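Hi! Here's the structure I promised to pass on. Have a look, and then read my notes below.

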Amino acid sequence: MLEGKVALVTGASRGIGRAIALELARQGANVAVNYDGNEAKANEVVETIRSLGREAFAVQADVACAEDVERMVKTVLDQFGRLDILVNNAGITRDNLLMRMKEEEWDAVINTNLKGVFLCTKAATRTMMKQRYGRIINVASVVGVIGNPGQANYVAAKAGVIGLTKTAARELASRNITVNAIAPGFITTDMTEGLSEELKADMLKQIPLARFGEPDDVARVVAFLASDAACYMTGQTLHVDGGMVMP
Ligand code: NAD
C-alpha cells in the first residue's frame, strides 16, 4: 500500500508510535523513527524495520522545540529526499484535578501534545506543498471529544489537535495534502499501565467490544489513512476505541 513512500513518526520508540512505524514499514514505507530520550529503544525499532527490508533511521528531537523539529525534518529530507507521511504521535500526560493542576503541568502537556503537532505540521508541509503530496495523521484521543476529569491539560490539547486537523485539512487540500486524526480510546501502553485496576475495570464496562485496544489496532487505521484508499478523506477524526464513544 505504501511502497516507495517516506514516513516520519514522532514518539516512535515505544507504544502506539512504535506500532505505527512498524505497520507503515510492513506496508512498504521507509521510516524515520523520532524519539526524545531513549535512543536504544528507537534503534531497536529501526533494526526491526530494516529486518522487514525497508530503510529506517532514528532521529532525536523534542517535538515541542521548534529548532529540534526543523533539524529533524531536514535530516529526513537529507536521508530520504522526500517526506510523504507525517504521523504526529508523541504525547504525554500530567494528570491532576483542575484546581490542583500546576502551571508547569498545563504547559508541559500543551507544549508537547498541541504545540508539537503545530511545529511538526508546519515544518513538514513546506516540503509536502512542493511535492503536491502529503498525508498527515494526528493522534488525538476520545477524551478530546468527551472530556475527562483530571485531564484538563490533556483534553484541551487533544481537542486542540482535532481543531488543528480540520483547519490544516482546509488549508492544505488544494496541494493534495490530507490531514486526519485518530482518536484512540483505552490502548494498552506505558501511558495507561499505571492506572488503577478499579479505573481499568470501570473503563472496560464502557467498551462495547469488551477489550482494551492494542497499539496495532491504532497502527492499522493510521496505515489506512496514509494509503491511497483514504485519498478522498480529509479533516476527519476516526475513533479507534472499541465503540466507547459514538459521536
Ligand atoms: P507512550 O508514553 O508509550 O508513548 C509516547 C511516546 O511519545 C514515547 O515514545 C515518548 O518518548 C514520546 N514523547 C513524549 N514527549 C515527547 C517529545 N516532547 N518529543 C518527542 N517524543 C516525545 O504512550 P502511547 O500510549 O503510545 O501514546 C502515543 C499517543 O497516543 C499519544 O499522543 C497519546 O496521547 C495518544 N493516546 C494514547 C492512548 C492510550 O490509551 N494509550 C489513548 C488515546 C491517545
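**What surrounds the ligand**

By class, the shell around the ligand is made of 12 nonpolar, 11 polar and five charged residues. Here Ala, Val, Leu, Ile, Met, Phe, Trp, Tyr, Cys and Pro count as nonpolar, Asp, Glu, Lys and Arg as charged, and the others, Gly among them, as polar.

Before you dig in: this is a predicted model, where local features need pLDDT of at least 70, side-chain atom pairs count only at pLDDT 80 or more, and totals for chains, interfaces and linings use all residues. Residues are numbered from 1 along each chain as its sequence is written, and side-chain values use heavy atoms, with hydrogens and water left out.

The mean pLDDT (the predictor's confidence in each residue, from 0 to 100) of the protein is 97, and 100% of its residues reach 70 or more. For the complex, the predictor gives an ipTM of 0.99 and a pTM of 0.98.

Back to the ligand: 28 residues surround it, and R14, N89, Y154, I187 and T189 are the closest. Being near means having a heavy atom within 4 Å. Helix α7 gives the most to this shell, with three residues. Helices are DSSP runs (H or I, at least four residues), numbered from the N terminus.

Now for the polar contacts (pairs of N or O atoms within 3.5 Å). Ligand oxygen atoms lie 3.4 Å from a polar side-chain atom of S13 and 2.9 Å from one of D36. A polar backbone atom of V63 is 3.0 Å from a ligand nitrogen.

Definitions and conventions: A polar contact is a pair of N or O atoms within 3.5 Å; within protein, one must be able to donate a hydrogen and the other to accept it, and residues adjacent in sequence count only if both atoms are side-chain atoms. Helices (H or I, at least four residues) and strands (E, at least two) are DSSP runs, numbered from the N terminus.
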